[in-house]
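Hi,

Here's the structure I said I'd pass on. Have a look at it first, and then read my notes below.

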Amino acid sequence: MRPKAVFFDFDDTLVLTKKADEVAFLKTQELAKEVRPDVDTAQLINDFTSRFTALPWDPANSHLHLERGVEDLIDWLKVEGIAIVVITNGHPDVQRGKLAAAGIEKFVTHILVGGEEIQQGRPEKPAASIFHRACSLVGCQPHEAWHVGDNLYSDIRGAIGAGLAAAVWINPQGRAASEQHAQPTHTIAHISELQDILVAELQAFSTQTEG
Ligand SMILES: [Mg+2]
């Protein structure tokens with residue numbers, strides 16, 4: 001089946017949020033060392049972080065940018081007529097701030113934020129409903145859509161459970177996929193590897209339809 005849509009997780013899929021967190025940690029540590037050289041700054045920040053979950057560290061999210069290859073990938077999907085939806089879990093204020101900082105709204109019209117779903121009485125990923133809402137946004141059936149994400153539970157199990165055609169796992173550390181979870185259809189280390197997989201899929205589809 002030729003994919004009609006590709007859905008993307010956001011954090012650690014289109015942007016490396018964990019890397020931005022590390023930068024924020026180091027910057028805060030430098031600052032804390034200047035002010036209080038006598039204090040164990042790593043411990044200080046860890047204590048602070050554990051009590052500070054409602055807001056992002058850096059309100060401007062200045063270290064967050066779209067990963068290498070994402071803009072080209074989006075352009076190529078558009079040329080192929082494949083629709084795009086970003087499906088991201090989390091609090092609307094935090095997620096909307098990060099989405100805006102990364103500039104994804106310039107390229108993608110359809111974005112579903114899990115926290116906004118919850119506000120409207122619907123669950124976030126891995127619930128099938130959020131994937132099905134993405135399908136209705138772009139006018140496709142679940143078996144015509146792919147999903148790409150780094151989380152085996154919310155992304156891979158969610159997409160397979162919702163009956164999507166394929167679930168692509170972003171797995172930079174080369175971890176083994178736990179047998180407790182649904183198995184990904186494809187595994188890649190970085191989002192920039194997705195286009196080759198889709199090209200192969202489109203070629204296989206056009207060979208089938210010619211034959
Ligand atoms: Mg993620």
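**What I found**

Let's start with Leu26, which sits in helix α1 (residues 17–35); helices here are DSSP runs of H or I with at least four residues, strands are E runs of at least two, and both are numbered from the N terminus. Is Leu26 buried or exposed? Leu26 counts as exposed because it has 11 C-beta neighbours inside 10 Å. The cut-offs within 10 Å are 20 or more other C-beta atoms for buried, 12 or fewer for exposed, and partly exposed in between, with C-beta atoms placed from the backbone. Its C-alpha atom is 9.7 Å from that of Ile45, 19 residues apart along the chain.

Some background: this is a predicted model, where local features need pLDDT of at least 70, side-chain atom pairs count only at pLDDT 80 or more, and totals for chains, interfaces and linings use all residues. Residues are numbered from 1 along each chain as its sequence is written.

Zooming out, the protein chain has eight helices and six strands. From the N terminus, their order is β-α-α-α-β-α-β-α-α-β-α-β-β-α. Buried residues are 33% of the 211 in the chain.

Now for helix α6 (residues 128–138), where Ile130, Phe131, Ala134 and Cys135 are buried. Down the axis of α6, the buried residues fall within an arc of 150 degrees, so they line one face of the helix (the arc is that of the directions from the helix axis to the C-beta atoms).

Cheers
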